[in-house]
Amino acid sequence: MSVDSSARPSLTLSGKPMSSPLKDVRGLSRQMVGHFVENVIPCGTLPGDAIAGDVTTITRVCLELAVSMLDGKDLPEKLQRLGDAAAGWAREGVPIDTIHHSIHEGFKMGLDLVVSDATMKDYDDLVDGAKMVVEMLDMINSAVSMAYVRELRAVVSEHHTAVHTLTSALLGGHSTSTMARECGIAIASSYAVLAVAIPPHREEHNPMVDGKVVARRKLRRVQAELATRCGEAVLSLLSVDGGTVLIPSGHLDNEQLDALVTQLSHAAQVGVTATMVEATPEKIPTAADQAHELLDMVQRLQAVAGLYRFDELALEYQLTRPGPGREYLGSLLDPLDAHPELLETLQRHIGNNLNRQRTARVLHVHTNTVDYRLKRIGQLTGFDPSQPSGLWYLRSALVARTYRTT
């Protein structure tokens with residue numbers, strides 16, 4: 001930030017320099033820091049060396065800057081010191097609201113000292129002093145905020161790169177112990193490995209808007225929600241259409257994991273589907289492959305959005321493996337080849353967890369039509385979808401059929 005270094009008149013109050021009550025910079029800075037610790041709650045939680053060191057030093061710098069400006073002088077190097085300190089606080093995680101609150105508390109104390117003996121005769125001088133205070137606050141807040149945000153962006157970028165590198169290493173089966181120490185991220189004893197599918201947002205296909213921007217905003221919302229719900233414990237590699245997420249086992253219980261996928265759907269504004277496999281770090285590559293294969297199967301079944309676990313779909317997953325059993329099961333639906341509306345109804349009905357009303361809405365037909373089509377499916381295939389045994393064969397056949405020609 002550029003600073004006007006042109007000469008300006010010094011300010012007086014009752015014929016004395018307005019800066020007089022602030023001249024004892026060292027003593028006043030110690031008094032102010034004591035006030036911060038007692039009255040600005042977050043300051044009291046800072047380490048003692050930070051209070052005795054940085055906070056006291058920067059308080060003194062602010063006072064020196066105030067005295068200089070009241071005396072008609074600008075000292076740009078002091079603003080640079082404030083910026084350097086703010087950058088350090090950003091890296092150490094000191095909240096920016098604590099910094100700004102402390103600055104304003106210090107100005108309130110200093111202003112009380114300056115105007116304590118003022119009278120109505122000093123009105124014009126007080127107005128000039130108030131304008132100067134606003135200018136000081138503007139300069140200090142701008143210098144602090146710009147340096148803090150710039151450093152915070154650098155910290156976030158470093159963390160993002162570290163997470164990306166460590167996640168890639170885990171998924172690739174590479175040694176991660178040294179890398180984890182360098183990244184400052186602890187490796188958990190086991191992980192919930194999630195394969196995630198994020199479908200396109202409706203606005204991505206709107207010719208009136210930039211679809212790439214819509215997709216990137218969708219991804220940022222998902223990443224922000226993931227960070228909010230899981231904190232820094234989560235590791236992820238996500239793109240606009242999905243990816244892989246690693247969550248330390250036990251960090252979220254089963255209900256919370258289900259809720260997480262629902263919350264990601266709300267953030268993305270589309271239905272997010274995820275599949276999950278538990279694994280120790282050395283088995284993450286295999287688990288990720290299984291999770292994505294399971295996700296592919298769930299998507300082929302056109303299942304409703306949500307979280308699906310490996311143990312819930314282990315049988316269906318096994319049906320995707322090549323062999324005569326898969327070929328036989330896939331052939332059970334051949335009688336429906338001439339009736340594509342029946343095949344679609346079966347697929348939708350199973351994907352909607354056998355909810356007739358939801359299936360009817362998706363197909364834009366009456367529920368009676370759904371019932372009729374399910375009855376016809378039973379007649380043509382020999383397996384009644386209203387019976388558990390028949391439904392098992394039809395569901396298995398549907399899984400096997402989607403892989404029969406791949």
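Asp334 is partly exposed in this predicted model, with a relative accessible area of 30%. The residue forms a salt bridge with Arg401, in which the closest N and O atoms are 3.4 Å apart. Because Asp334 belongs to the loop between helix H12 (324-331) and helix H13 (340-351) while Arg401 belongs to helix H16 (residues 388-404), the pair ties together parts that are 67 residues apart in sequence. Asp337 also takes part, as Asp334, Asp337 and Arg401 are linked in a network of salt bridges.

A search of the whole structure finds seven salt bridges. Another of them joins the side chains of Arg309 and Asp258, with an N to O distance of 3.1 Å. Arg309 is located in strand E7 (residues 306-309) and Asp258 in helix H9 (residues 254-268), so this contact ties together parts that are 51 residues apart in sequence. Arg309 counts as buried because its relative accessibility of 11% falls under the cut-off of 20%. Asp258, by contrast, is partly exposed, at a relative accessible area of 32%.

A salt bridge is also found within a helix. Glu225 pairs with Arg229 in a salt bridge whose closest N and O atoms are 2.6 Å apart. Both residues lie in helix H8 (residues 211-230), where Glu225 and Arg229 are four residues apart, about one turn of the helix. The relative accessible area of Glu225 is 16%, and the residue is therefore buried. Arg229 has a relative accessible area of 41% and is partly exposed.

Technical notes: Residues numbered from 1 in each chain as written. Predicted model: local features only at pLDDT ≥ 70, side-chain atom pairs only at ≥ 80, totals over all residues. Heavy atoms only, no water. Salt bridge = Lys/Arg side-chain N within 4 Å of Asp/Glu carboxyl O. Helix = DSSP H or I, 4+ residues; strand = E, 2+ residues; numbered from the N terminus. Buried < 20%, exposed > 50% of the residue type's maximum accessible area, 1.4 Å probe, protein only.
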